[in-house]
Structure formats: structure tokens, C-alpha cells
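Subject: Structure handover

Hi,

Here is the structure I said I would pass on. Have a look at it first, and my notes follow below.

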Amino acid sequence: MATESNPKRYSEEVDRISNLPECLLYDILSLLPTKQAVATSALSKRWKLLWTKLTVLDFSHSVTRNQGIGNNNGRMTFTHFVCNVLLLRKPLPVRKFRLVLDSFDDSIHFHVSSWICYALDHGVEEMELLLLFRKPFELPHRFFGCKSLRIVTLYGDIVLNCPSYVHLPNLKDLRLGSKLCSNEDSFRSLLTGIPNLITFFIGRVRRDDISAINICHPRLLFFCIQNKVPFPFKIEIDAPSLKCLSFFDGSVQDSLTTNIVKATFDFSEHKQQADEHDSCSHLLTELRSVQSLLVRHTKVQSLRFGFSLTMLNILKSLQFDVKCCKWHILPRLLESAPNLEKLILHKVDTDGPHELCCWTEPLHVPKCLESCLRIISLLKFKSLEHDLEFVQFFLRNAGVLEKMGILTGLLDLAENSRILKKFSELPRGSSKCELFLLNG
């Protein structure tokens, strides 16, 4: 006989989250935006004050052009909400402070500064700011003397007007996607005041007043620059500990003094400048100690490698992403890497008339191909006529090749099998070479 269900017993069995230890509940709430975390206070008495003990504060808000920051039809405004949260939370340290704000009302600058200072005064370790204003926002000077900061991410309309003395002793990860510093001296002060910096990212999306920057740091390990501003500027890198350099840009002139293990270069962002190949050549010739290199060239224009590359004797792994079949660049890279062991070739944007461009064999077989190259990965190769000639050259001349993986990018299993069979029929210079399809 059917029995009636007991709603109270059912709710007790279903609400298993409330029975978890408080430390786990804090971890769960820390993954939510603060607005949602505060809303959980309506669930039950146990949840009412949990949010007040959170050490992660995550605020986000977007204000339209016709909506003032202080006018929200009688409801609590974003400004009041943030202020109330900071007022009512327990006096505990702030582990992470995140603020995403898009506003056309610059009067909120005062409040934003006070919220940042609150986090600084409570020992914040990680700070992430994405601020979109009509007038650039200046960080409070107190920021530049915070000893607790370990990770800082700044994006949007933020200008770093650094004082003459900057002291951020524990900052190890700095990511700038804003207007950088107000001037070059300010930028120099910033780096000088971060003695233990390990990771540094610069993303230029708008033109600023900086025409040259000097990355001079004894402990920096990872540096990445992404420049989307079509105005040349000069960057000098003097970082003896640098291990990884990522370069996404088309209008930077470089001087490099360092020992790099891994590097990425992308010549895809802008139209090629008249002297761009000179700056590219200068930068690439400085990579004597690089072990892993990614070169991405997806411009329609040809990258003119009319120079002599420095021998990259330590280079073990090379990835070359290319558009329009600019294979004439590849032999030059291979000739400069006599000890290369792994090669990844990625054809970018393979649909279009540029696929008619054909591979031309170099006059001389690169040394690495005959004696060192053991692994080759071919991405987006579809067995077109010039693909077949290309693969044939590598299979025939790779004396110690062990593996060649092929990713066609096609969904047709039968066609993939046909391509593999066609490649497998080509003569091989290495008896150990195994051909197989890669999973995309």
C-alpha cells in the first residue's frame, strides 16, 4: 500500500549541503560572486552569517550609459551593496579581491579607491581589477606599498602613476592589460620595487604615452607581451633568469639579453611594417639558449627572412604555425637548429585559394632532419598534392624518425583512413618510423 511522503523528512534528507563542515561551506561560497554568496543568507539560520566570514570578495557590475551608478529604481545600488558588505563582514583577512566595473559615471572613482584600500588594509594577497571608465582610474598610492600582495591583474582604464618609491616585496605575478604606467620613469620604478617578480604579462590594447620600456629584472622567469596597438615602440629585455618568452606582436623593436628556455613569437597582429623583418631578425638571433620555440606566422604578407639566423644549438622542440603555405621559412629555421628532436607543423586557416601554394624542396637537407629529429606532428594536413610532396620530403630524409602523427581536421573517418594509407605508402628513410592519426 502506498504511503504519504513526509515533506520535512524529505527536506532533511535532500539538504545535505547544510550538514557539511563550515570550512567546506566557506570554500563553496568562495567560488560564487559575492552577491550570490550574500543571497544564501536567506536559506536558513545557519547560512545567515556565513558570508560575513568569507576571505574572497568578488564584485561585478555594469552600468549603461543612461543609468547612473546611484539610481536603481529604489533598490540597493551597487555602491551601497559593496559598502554594506565591507561594513558587515567580519574583520578577517581578504585573500582575494576582484572588482569588475563598467560605468560611465566617473564619480564612483572615490568609492573604488576606498574599496581597494579596504582590501589592502586587510592583507589582500590576490587582486584583480577590470575597470571601464570614461576617465582613467589611478590606483591609490597605498597600493604601491602593500607587502601582502602576491598576484595582481589590472585590465581596462587603469593608469599606474607610480610614486618614486615602490615596495611590493611579495608580488610574484603581475598582469597588466591596461594603459601601463603614466610614463617610462613610473614603469621603471614599478619594476624596481618588485624584487621577487616571477611572471610578468603586458597586454597593450590602447595607445599610451610609452614609446620604450626596459624589462630589467634579475629574477623574472616568465615574460609575455601582447601588443595590439599599431604604433611601434621599443622594448629592451635584460633578464638573466628568464626561461619563457611569449611575443604576440607586429610592431615592436627588441633588444634581448637573457638565457631563454621556451619562447613564442607571433607575427600575426598587424600589417607588416617596412622594417619589421629587421626587428624580428634581431630578436630571433638573440635566442641562443632557447630549448622550446613556437613561431606563428598567419599574415597574408610574406615574412621576409632575408637574414642569417644565429645557430640555436640547444633548441629541442619547434612548433611552426603557418598560413598561406609559407614553407620557405621552415628550412631556415631547421638549418639553425641542428639538434632539433621534435617538430610540430600547424597549417592555420587551410580553407581558401592560398592552399594552391606548393612546397618547394630546399637545396640542402637540414642536419637535424638527417640525424636528430625523432617526432613530427602534422596538424591540418589534408593530403592535397603539395601536402603529399611535403610529407614525402620529410619521410625520405628523416634518418632517425620514430613517430609521425597526422591530424587532418576532417570528420570523415573513411577519408582519414585513406589519407593515412596514402602517406604510409611513401618511402621512409627510417625503418623505425611509425605513422598514425592524431585525435583532434
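β5 and β7 are paired in the parallel sense, with 5 bridges between them. Strands pair here if DSSP finds at least two bridges between them, and the helices (H or I, at least four residues) and strands (E, at least two) are DSSP runs, numbered from the N terminus. V152 has L174 in β7 as its bridge partner. On to the next neighbour: β7 and strand β8 (residues 199-204) run parallel and are joined by 4 bridges, and R175 stands opposite F201 in β8. Strand β7 itself (residues 173-177) is mostly covered, with 4 of its 5 residues buried. "Buried" means under 20% relative accessible area, "exposed" over 50%, and "partly exposed" in between, using a 1.4 Å probe and protein chains only.

Before you go further, a word on the source: this is a predicted model, in which local features need pLDDT of at least 70 and side-chain atom pairs count only at pLDDT 80 or more, while totals for chains, interfaces and linings use all residues. Residues are numbered from 1 along each chain as its sequence is written, and side-chain values use heavy atoms, with hydrogens and water left out.

**The whole protein**

The protein has 11 helices and 20 strands. It has 440 residues, of which 49% count as buried. Take the contacts between residues at least 6 apart in sequence: 61% of them join residues at least 24 apart. A contact means heavy atoms within 4.5 Å.

**Strands β16, β17 and β18**

Here is another set of strands to look up. Strand β16 (residues 317-322) pairs with strand β17 (residues 342-347) in the parallel sense over 6 bridges, and V322 is opposite K347 in β17. β17 is also joined to strand β18 (residues 375-379) by 5 bridges, and these two run parallel. L345 has L378 in β18 as its bridge partner.

K380 has a phi near 65 degrees, a positive value in a residue other than glycine. With a relative accessible area of 31%, K380 is partly exposed.

**Helices α4 and α5**

How do you describe a pair of packed helices? By the angle between their axes and the distance between the axes. For helix α4 (residues 78-88) and helix α5 (residues 109-121), the axes come within 11 Å and cross at roughly 20 degrees. The axes are lines fitted to C-alpha atoms, for helices over the stretch in contact, and angles run from 0 to 180 degrees between N-to-C directions. So α4 and α5 are roughly parallel to each other; the cut-offs are under 35 degrees for roughly parallel, over 145 for roughly antiparallel, 65 to 115 for roughly perpendicular, and oblique for the rest.

Their crossing is left-handed, a word used if the near helix is turned anticlockwise from the far one by less than a right angle (right-handed if clockwise). On the α4 side the contact is made by F78, T79, V82, C83 and L86, and on the α5 side by H111, W115 and Y118. These divide into 6 nonpolar, 2 polar and no charged residues. Ala, Val, Leu, Ile, Met, Phe, Trp, Tyr, Cys and Pro count as nonpolar, Asp, Glu, Lys and Arg as charged, and the others, Gly among them, as polar.

**R142**

R142 sits in the loop between β4 (137-138) and β5 (151-156). R142 counts as partly exposed because its relative accessibility is 44%. Beyond its neighbours within four places in sequence, R142 is in contact with C117, L120 and D121. R142 and S113 are 29 residues apart in sequence, and 9.8 Å apart in space, C-alpha to C-alpha.

Last stop: R428 is in the loop between α11 (413-424) and β20 (434-437). R428 is partly exposed at 34% relative accessibility. Its C-alpha atom is separated by 4.7 Å from that of R396, 32 residues away along the chain. Setting aside neighbours within four places in sequence, R428 is in contact with L395, C433, E434 and L435.

L435 lies in strand β20. Is L435 buried or exposed? It is buried, with a relative accessible area of 12%. Neighbours within four places aside, L435 is in contact with L395, M404, L420, F423, S424 and R428. L435 and L395 are 40 residues apart in sequence and 9.9 Å apart in space, C-alpha to C-alpha.

Cheers
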